[in-house]
Amino acid sequence: MKQSKMLIHTLREVPRDAEVISQQLMMRAGMIQKLAAGIYDYLPLAFRSIRKFEQIVREELAKDGCQELLMPTVQPSELWQESGRWSFYGKELLRFKDRKDAAFCLGPTHEEVITDIVRRNVSSYKQLPMNLFQIQTKFRDEIRPRFGLMRGREFIMKDAYSFDVDDAAADKSYWAMFNAYTRIFARLGVKFRHVEADSGAIGGSFTHEFHVLAGSGEDAILSCDACDYASNLEKTEAPRIPAVDHGPAMALKPAHFKTPGITAMADQARAFKDAEHDGLPLHQTSKVYWMDADIVVGKDADGHVTRRLAVAVVLRGDHEMNLVKVKNSLGAVDLQPMADAEDFTGALSGFLGPVPREGTRLWDLGRTDPEGLVYLVDKALEGASNLTCGANETDGHHFGFDPARDLPGARFLDLRLAQEGDLCPRCGKGHYQAFRGIEVGQVFKLGTKYSKSMNCNYLDEHGKENPMVMGCYGIGIGRTVAAAIEQNFDADGIIWPWPIAPYQVHLLDLDPGNAMVREVAERMERELEAAGFEVLHDDREGLSPGAKFKDADLLGFPLRAMVGSRGLKEGLVELRDRRTKEVVKFKPEDVVAQVTAARDRMMGELAIQGGR
């Protein structure tokens with residue numbers, strides 16, 4: 001392909017609204033351009049990479065017998081009302097009405113549509129298992145779209161859905177897709193981790209995320225250095241820490257010590273002084289987060305019926321709350337910090353505690369509706385005593401707090417964020433290492449969440465009707481391409497992994513006005529393409545070699561072949577490795593052999609580094 005004929009407009013300056021490296025480089029390289037907030041044009045170079053990644057996905061899914069189809073982007077509200085998600089999904093679901101006043105949405109995902117397809121076409125156990133997938137545009141009305149293709153509103157996604165007769169068969173389908181994803185990202189040639197994760201709005205019994213490792217990643221990952229356990233921080237199991245023995249339990253003494261203006265945990269610990277103590281260790285302090293939780297208690301014609309509970313989440317002073325763990329432990333549909341916690345407890349922020357003080361709303365709620373008040377205590381405090389806690393009195397703290405004694409009905413659970421260096425609870429040998437990751441794929445075991453609500457059933461060998469057991473599996477296509485750039489770049493531009501590079505060889509004619517140079521470059525282009533290599537031939541006139549070098553580095557194709565009059569005087573051309581910057585000189589007739597050897601070396605290196 002001649003570069004003079006291709007739609008490529010490179011930029012020297014970084015666009016002002018480009019935030020992350022992939023967005024900056026893809027816009028500068030003329031690969032994407034912004035149409036509206038979170039909505040981008042995919043220009044030819046970007047689209048070539050996207051198509052290459054799609055092909056990898058198709059090939060690996062075909063190995064497991066997955067069938068490709070295409071579902072509509074526009075979905076009727078009736079399907080979402082059947083599943084119960086029309087009122088639950090939130091404002092990310094772009095709703096609208098047609099000219100007949102019928103309600104529709106732009107699909108952010110396709111569980112409802114695929115379930116409808118299967119229930120209308122599959123009736124017997126003999127037709128199962130079945131796995132159907134599509135690669136299609138989706139829309140989620142993100143409140144704050146950002147980072148280019150990393151978090152857009154309109155995006156290309158591969159979503160697959162499996163249907164099985166029972167849990168055992170569904171597990172088999174799940175792990176088949178898990179292994180297919182591992183092959184897909186290994187073929188991509190990026191460093192990645194598969195991690196245990198939370199299922200979020202999709203639902204389901206368990207799930208794994210696949211992350212491309214990059215310093216710019218939004219997600220924190222903890223991975224054991226001795227076993228295969230890895231997890232998104234929000235899901236990572238915190239190891240059980242035995243409660244520290246702080247001596248015989250003392251009675252809880254109201255406002256035992258005064259802490260005027262002192263709210264930080266470390267300062268509170270130092271402030272405690274009496275005849276036996278000159279300050280306390282931080283692990284002898286506690287803190288409370290007061291939250292409002294909405295719990296589903298029933299269902300009516302308008303959707304779920306919820307009840308609001310006041311929730312006290314109590315942790316050690318040196319630990320941080322994990323919101324996802326708290327929400328999951330309650331089965332809450334919504335969990336937010338209590339907006340009026342100071343009025344509720346009777347104290348200013350920094351002095352809030354879990355123990356009710358007489359005359360406050362907290363005291364009244366505990367007496368009039370104890371079921372509306374829930375205490376959750378992190379398991380690191382199970383068996384602990386003689387702790388400090390806020391006194392629910394401004395400028396005061398208690399000493400002698402014993403959660404099991406002082407909080408009737410408290411549940412002790414894993415509620416904290418695990419930390420780098422924590423002992424892995426799975427193997428008991430290794431410790432957590434921290435990484436940053438970009439989520440590019442996720443696999444869910446859905447169970448019967450959708451098949452039961454939407455009557456997607458099959459007849460077994462005895463003629464009995466049963467709900468199908470489902471799984472769903474997504475990959476962000478454009479997001480993965482952008483994530484590969486976030487992991488592979490330098491100060492000069494992109495460094496494409498070979499499998500998804502828009503072109504594999506960038507052939508630079510450094511003197512297009514010289515007939516001999518032009519003839520050699522044309523011949524090299526023909527020979528490389530005949531050998532199966534993809535070549536972008538920079539035949540542009542009126543540009544200096546330096547300008548062509550800058551564009552070539554920015555575009556970042558794996559190999560750069562250079563033909564110039566100076567080199568041809570010695571009968572030589574050059575080949576430069578974009579990643580290592582190594583240059584080899586050779587005769588033009590050896591170009592296919594040289595590029596083949598470079599490709600084989602690069603693919604071997606990618607096979608080694610792909611994954612762990």
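Me: How do helix 2 and helix 12 stand to each other, roughly parallel or roughly perpendicular?

Reply: This is a predicted model, in which local features need pLDDT of at least 70 and side-chain atom pairs count only at pLDDT 80 or more, while totals for chains, interfaces and linings use all residues. Residues are numbered from 1 along each chain as its sequence is written, and side-chain values use heavy atoms, without hydrogens and water. Helix 2 (residues 44-62) packs on helix 12 (residues 477-487) with the axes 9 Å apart and an angle of about 110 degrees (axes are lines fitted to C-alpha atoms, for helices over the stretch in contact, and angles between N-to-C directions run from 0 to 180 degrees; helices are DSSP runs of H or I with at least four residues, strands runs of E with at least two, both numbered from the N terminus). Under 35 degrees counts as roughly parallel, over 145 as roughly antiparallel, 65 to 115 as roughly perpendicular and the rest as oblique, so helix 2 and helix 12 are roughly perpendicular.

Me: How many residues of the contact between helix 2 and helix 12 are nonpolar?

Reply: Helix 2 brings S49, I50, F53, E54 and V57, and helix 12 brings I477, T480 and V481 (contact means heavy atoms within 4.5 Å). Nonpolar covers Ala, Val, Leu, Ile, Met, Phe, Trp, Tyr, Cys and Pro; Asp, Glu, Lys and Arg are charged; the others, Gly among them, are polar. Two of these contact residues are polar and one is charged, and the nonpolar ones number five.

Me: How many of the eleven residues of helix 12 are buried?

Reply: Buried means under 20% relative accessible area, exposed over 50%, and partly exposed in between (1.4 Å probe, protein chains only). The buried set includes R479 and E486 as well as V481 and I485. Helix 12 is largely enclosed by the rest of the structure, because its buried residues number ten.

Me: Is N392 buried or exposed?

Reply: N392 is in the loop between strand 18 (387-390) and strand 19 (396-401). Its phi is positive, about 55 degrees, although N392 is not a glycine. With a relative accessibility of 0%, N392 counts as buried.

Me: Is D101 buried or exposed?

Reply: D101 sits in the loop between strand 5 (95-97) and strand 6 (103-106). This non-glycine residue also has a positive phi, near 70 degrees. At a relative accessibility of 54%, D101 counts as exposed.

Me: Which peptide bond is cis?

Reply: P129 belongs to the loop between helix 4 (111-121) and strand 7 (130-139). Omega is near 5 degrees for the cis bond, which runs from L128 to P129.
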